[in-house]
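Please look over the sequence and the model below. The report that follows takes up individual residues, then the core, and then the protein as a whole.

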Amino acid sequence: MKIAQVAPLIESVPPKLYGGTERVVSYVTEELVSQGHDVTLFASGDSITSAKLVPCCEKSLRSSPGVRDPIPYYMVMVDKIRRMASTFDIIHFHIDQFQFPVFRAIAHKTLTTLHGRQDLPDLKLLYRAFPEMSLVSISDSQRRPIPYASFAGTVYHGLPDDLHRPTFDPRGGYLAFLGRISPEKRLDRAIEIARAAGFPLKIAAKVDAVDVEYFEATIKPLLHGDDVHFVGEINDREKTKFLGEASALLFPIDWPEPFGMVMIEAMACGTPVLAFDHGSVREVIDEGITGFIVDDVQSAVSALPGVLALDRRRIRRRFEERFTAASMAQAYVALYERVPAATGRLPASRSDEIRPVHETLVN
């Protein structure tokens with residue numbers, strides 16, 4: 001198949017450090033190429049891929065100090081893709097809903113994976129206004145606030161099976177927290193759990209500009225003593241050791257997490273997960289096999305001995321059974337092949353499509 005993958009422009013594909021959506025796009029793209037598909041990636045110019053790269057900005061917007069407003073870059077990207085649309089069998093978007101008005105006439109050629117939370121009230125209007133656009137959820141829990149939206153299916157995230165080497169005999173003696181420092185991720189809970197359980201906590205996380213005030217006011221005062229160590233952002237290679245040597249990953253979230261990539265990253269390393277019961281957690285964690293699910297700090301502390309006793313080889317096997325990039329890509333190909341038939345839409349006439357433009361970039 002001739003497939004277009006459309007990535008966010010905030011980070012490169014793959015991201016150099018933190019960047020969940022861009023990382024998933026990279027895994028999907030590379031796996032589709034390895035399976036023999038003709039793939040074109042629309043992304044930032046500093047992206048690295050075995051697919052054909054169509055750069056839509058010079059560098060990732062996060063690494064471009066002069067960028068104040070990302071919307072113009074997305075408008076240029078969407079226009080470029082629309083002019084090239086007839087060269088693809090399917091156009092797979094990962095950029096929220098920017099494309100909806102422009103691609104409505106050829107909606108049968110598109111699929112949009114929703115990567116964020118969907119319980120925000122303004123989104124209800126959007127999905128009702130564009131019922132032609134086929135959507136993919138990354139967990140069944142993600143779609144609950146919008147059951148009327150045009151979902152073609154749910155596809156769980158996956159990782160290359162050789163990305164992380166599992167550690168079956170960890171020596172670190174610490175609990176791990178990995179991700180963003182923000183109110184909904186509840187690092188404060190992780191610190192409380194670790195201290196109550198008598199374990200050191202290592203924190204590998206980034207602080208977005210929007211969360212700096214929260215970090216300074218709420219988290220920074222908790223980072224005292226030698227039992228809490230703030231590592232900062234880490235890359236994939238560093239994650240293998242950080243997660244693999246950890247006794248467990250703490251995932252004490254307080255929001256409707258759409259998926260939670262860090263949970264399967266830990267599983268790939270053989271590391272069990274102690275997670276709070278929100279969003280997708282019950283779909284990702286097999287309780288008693290890959291981790292335990294709790295409702296509060298006291299329950300988390302009580303559950304920790306059971307978490308530490310889980311079989312790390314079994315955790316790794318369950319990751320291989322459920323969350324590889326190969327299985328994710330295969331699930332997407334199945335959707336690509338049946339989306340028009342499943343939604344009952346007929347292909348647009350040739351007059352609906354604009355002739356392709358062969359230039360590759362607006363610099």
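This is a predicted model: local features need pLDDT of at least 70, side-chain atom pairs count only at pLDDT 80 or more; totals for chains, interfaces and linings use all residues.

Leaving aside residues up to four places away in sequence, Y156 touches I138 and S139, then F259 and E283, and finally R322, F323 and M328. Its C-alpha atom lies 22 Å from that of L17, a residue 139 positions away in sequence.

G173 belongs to the loop between strand 7 (151-154) and strand 8 as well, and with a relative accessible area of 35% it is partly exposed. Beyond its neighbours within four places in sequence, G173 is in contact with F199, P200, E245 and S247. For F199, which is 26 residues away along the chain, the C-alpha to C-alpha distance from G173 is 7.5 Å.

In soluble globular proteins, nonpolar side chains tend to be buried together. Here the largest nonpolar core holds 58 residues, and M267 and Y332 are those with the most contacts inside it. Helix 12, spanning residues 325-343, supplies the largest share of this core, namely 8 residues. 

When residues up to four places away in sequence are not counted, Y332 touches V28, H92, L111, T113, V136 and V155. There is also a second, separate core of 31 residues, and among its members are V54, I95, F130 and L135.

## Backbone geometry in the loops

Most residues other than glycine have a negative phi, and most peptide bonds are trans. The peptide bond that joins V13 and P14 is cis, with omega at about -5 degrees, and P14 is found in the loop between strand 1 (2-6) and helix 1 (20-34).

D96, although it is not a glycine, has a positive phi of about 65 degrees. This residue lies in the loop that runs between strand 4 (90-93) and helix 3 (100-103), where it is partly exposed at a relative accessible area of 37%. R186, which is likewise not a glycine, has a positive phi of about 55 degrees, and its place is in the loop between strand 8 (175-180) and helix 5 (187-197).

Which loop holds P70? The residue lies between strand 3 (52-55) and helix 2 (71-83), and it is partly exposed, with a relative accessible area of 30%. Apart from residues up to four places away in sequence, P70 touches I10 and L61. Between P70 and L243, which are 173 residues apart along the chain, the C-alpha separation is 33 Å.

Is L123 buried or exposed? At 15% relative accessibility it counts as buried, because the cut-off for that class is under 20%. L123 is found in helix 4, which covers residues 122-129, and its contacts, once neighbours within four places in sequence are set aside, are with Q97, R117 and Q118. L123 and C269 are 146 residues apart in sequence, and their C-alpha atoms are 36 Å apart in space.

## The protein as a whole

The secondary structure comes to 12 helices and 13 strands. The radius of gyration is 21 Å, close to the 21 Å that the globule rule gives for 363 residues, so the protein is as compact as a globular protein of that length. Taken along the principal axes, the C-alpha atoms fill a box of roughly 70 × 40 × 40 Å. Of the contacts with a separation of 6 or more, 67% are between residues 24 or more positions apart.

Buried residues make up 53% of the 363 residues. The accessible surface comes to about 15,500 Å², and carbon and sulfur atoms account for 52% of that area. As for charge, the protein has 42 positive and 47 negative side chains, and the centres of these two sets lie 3 Å apart.

Notes. Residues are numbered from 1 along each chain as its sequence is written. Side-chain values use heavy atoms; hydrogens and water are left out. A nonpolar core is a set of buried Ala, Val, Leu, Ile, Met, Phe, Trp, Tyr and Cys residues joined through side-chain atoms within 4.5 Å. Buried means under 20% relative accessible area, exposed over 50%, partly exposed in between (1.4 Å probe, protein chains only). Helices (H or I, at least four residues) and strands (E, at least two) are DSSP runs, numbered from the N terminus. Contact means heavy atoms within 4.5 Å. The radius of gyration is taken over C-alpha atoms; the globule rule is 2.2 Å times the number of residues to the power 0.38. Accessible areas come from the Shrake-Rupley method with a 1.4 Å probe; for residues, only the protein chains shown count as cover. Lys and Arg count as positive and Asp and Glu as negative; His and the chain ends are not counted. The place of a charge is taken as NZ of Lys, CZ of Arg, CG of Asp or CD of Glu.
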